[in-house]
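Welcome! Please take a look at the structure below, and then we will go through some of its features together.

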Amino acid sequence: MTHKVHLIDHPLIQHKLTLMRQKNTAAAEFRRLLREISLLLGYEATRDLSMTTKEISTPLEHMDAPILAGKKMCFFSILRAGDGLLSGLLELVPSARIGHVGLYRDPKTLEAVEYYFKAPADLANRLCIVVDPMLATGHSASAALTRIKQAGAVNIRFICLLAAPDGIANLKEDHPDVPIFTGALDRECNEKGYILPGLGDAGDRLFGTRSGTIKD
Ligand code: URA
């Protein structure tokens with residue numbers, strides 16, 4: 001896997017994303033579309049998984065059939081909007097473990113402060129796919145990746161729905177070893193850290209809350 005930005009602009013992703021961006025799209029539909037897009041992004045992010053073969057018998061003959069080499073995986077949700085991508089990814093790889101990382105930005109020091117972290121113990125042996133729908137400034141994502149590496153992860157990929165140029169630049173600078181898979185590259189972040197044109201606060205739209213502020 002090359003360490004770069006993979007823009008997965010499949011027509012189905014673009015169409016579903018347009019539906020998600022529209023402000024009148026209800027939470028239930030937003031959630032369903034995010035799950036559907038996560039299947040398509042996950043499909044691309046796992047395209048080069050290593051394979052082996054297994055001897056099987058079809059009703060007609062024996063064959064050496066391809067199967068996954070059994071590399072263990074962990075999906076990491078960056079709370080809280082990352083949870084919206086988990087169910088689709090788990091449909092693709094039901095045996096994957098799940099990690100969660102929750103961070104907020106201290107308004108005075110601007111440092112990322114961890115409020116939750118839970119992960120499987122054997123991260124070094126797993127392909128870790130870290131998910132957050134919105135890669136805005138990249139500060140939270142970068143802090144989350146640093147924390148996940150501290151916990152032992154060495155083989156990491158990052159999946160998002162939308163990415164802004166700042167987020168891509170910061171992640172490339174801080175974590176050049178982590179390839180990024182995104183459904184779209186948007187124009188910029190505004191002064192509050194929202195992606196433009198974007199889709200608003202992904203967590204609020206996913207869960208039907210309205211906090212008005214975002215952490216990234
Ligand atoms: N997080 C969001 O939910 N939306 C943005 O636009 C940026 C960060």
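A backbone N or O atom of Ala-202 lies 2.7 Å from an oxygen atom of the ligand, which is a polar contact (a pair of N or O atoms within 3.5 Å). Keep in mind that this is a predicted model, where local features need pLDDT of at least 70 and side-chain atom pairs count only at pLDDT 80 or more, while totals for chains, interfaces and linings use all residues. Residues are numbered from 1 along each chain as its sequence is written, and side-chain values use heavy atoms, leaving out hydrogens and water.

**Around the ligand**

- A polar backbone atom of Ile-195 sits 2.7 Å from an oxygen atom of the ligand.
- For Gly-200, a polar backbone atom is 2.7 Å from a nitrogen atom of the ligand.

**Helices H1 and H2**

- Helix H1 (residues 11-21) packs against helix H2 (residues 27-45) at an angle of about 160 degrees, and their axes are 10 Å apart; helices here are DSSP runs of H or I with at least four residues, and axes are lines fitted to C-alpha atoms over the stretch in contact, with angles from 0 to 180 degrees between N-to-C directions.
- H1 is therefore roughly antiparallel to H2, a term for angles over 145 degrees.
- Where they meet (heavy atoms within 4.5 Å), H1 contributes Leu-12, Ile-13, Lys-16, Leu-17, Leu-19 and Met-20, and H2 contributes residues including Phe-30, Leu-33 and Ile-37.
- Sorted by class, this contact of H1 with H2 has 11 nonpolar, no polar and three charged residues.

**Helices H4 and H5**

- The axes of helix H4 (residues 139-150) and helix H5 (residues 165-174) cross at roughly 25 degrees and come within 9 Å.
- That makes H4 roughly parallel to H5, the word used for angles under 35 degrees.
- His-139, Ala-141, Ser-142 and Leu-145 in H4 meet Asn-170, Leu-171 and Asp-174 in H5.
- By class, the contact of H4 with H5 has three nonpolar, three polar and one charged residues.

**Cis peptide bonds**

- Most peptide bonds are trans.
- Leu-79 and Arg-80 are joined by a cis peptide bond, with omega near 0 degrees, and Arg-80 is in the loop between strand E4 (72-78) and helix H3 (86-92).
- The bond between Leu-196 and Pro-197 is also cis, with omega about 0 degrees, and Pro-197 lies in the loop between strand E12 (195-196) and helix H6 (202-207); a strand is a DSSP run of E with at least two residues.

Definitions and conventions:
Angles under 35 degrees count as roughly parallel, over 145 as roughly antiparallel, 65 to 115 as roughly perpendicular and the rest as oblique. Ala, Val, Leu, Ile, Met, Phe, Trp, Tyr, Cys and Pro count as nonpolar, Asp, Glu, Lys and Arg as charged, and the others, Gly among them, as polar. A polar contact is a pair of N or O atoms within 3.5 Å; within protein, one must be able to donate a hydrogen and the other to accept it, and residues adjacent in sequence count only if both atoms are side-chain atoms.
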